[in-house]
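Open the model in your viewer and keep the selection tool handy.

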Amino acid sequence: MLPTTAVSSRSQGNGALSPRDAARHTAGAKRYKYLRRLFHFRQMDFEFALWQMLYLFTSPQRVYRNFHYRKQTKDQWARDDPAFLVLLSIWLCVSTVGFGFVLDMGFFETIKLLLWVVFIDCVGVGLLIATLMWFISNKYLVKQQNRDYDVEWGYAFDVHLNAFYPLLVILHFIQLFFINYVIISDSVIGYFVGNTLWLIAIGYYIYVTFLGYSALPFLKNTAILLYPFALLIMLYLISLACGWNFTKMLCSFYKYRVK
């Protein structure tokens, strides 16, 4: 799951990778190693994964500085430890069950909602976004003088997971405490609080995504990834002027899904 295909320092005299090193540096080999560790919980560093989750809220730059350190020590930008993915999955399951409880869903309705959120909202949409960002970054953001480097799809998905975590906590956890008593009420304060949480959550997603790609030294003009902020703020102001309640719409959509 490396974001680059740079030539390793372990090379033959002509500058090419030895067959053994080349096999170890292929995307398939890295993916196999990552998935193999997914079934060995004792090999996962959950304490470090929790540290990353904390700093994705308070100082996401520190998380990506650690990515630089991993590149220097392991010749790998993306995580080689699936502990973050495991904890994210637990967060997703717990928060979705909480959503089902708040919306007064039955047991089977909650399970159906959980499957929808995991496989469609998180995995399905994540695959789509990662593929789109992978294409855009390789097509338009790679520096001409560094054509030997490219952003691999696995790293793009890793960046998506980093950005998705704050959004998940804000919309699927913090928001739960305000839904029934504040947000879904037919008052101005209701849609103001709800839509503001959406603004913060999506804003976090955009910013953390920008940090992920700006951390790669062979990319240029990564500031364009911040441009959606303008559209986000415009949509937020329009929603307040028109009285749109995004959370109320989401709750109605969730209930429609599980019918």
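Start by selecting asparagine 66: leaving aside neighbours within four places in sequence, asparagine 66 is in contact (heavy atoms within 4.5 Å) with Phe48 and Gln52. Asparagine 66 belongs to helix 4, residues 60-74; helices here are DSSP runs of H or I, at least four residues, numbered from the N terminus. With a relative accessible area of 16%, asparagine 66 is buried, where buried means under 20%, exposed over 50% and partly exposed in between (1.4 Å probe, protein chains only).

This is a predicted model, so local features need pLDDT of at least 70 and side-chain atom pairs pLDDT 80 or more, while totals for chains, interfaces and linings use all residues. Residues are numbered from 1 along each chain as its sequence is written, and side-chain values use heavy atoms, without hydrogens and water.

Val117 is among the buried residues of helix 6, as are Gly126 and Met133. Show helices 5, 7, 9 and 11 too: they are included in what covers those buried residues.

Last, select phenylalanine 99 and tyrosine 254. What do you find at 4% relative accessibility? Tyrosine 254, which counts as buried, and phenylalanine 99 is buried as well, at 0%.

How values were computed: Helix = DSSP H or I, 4+ residues; strand = E, 2+ residues; numbered from the N terminus.
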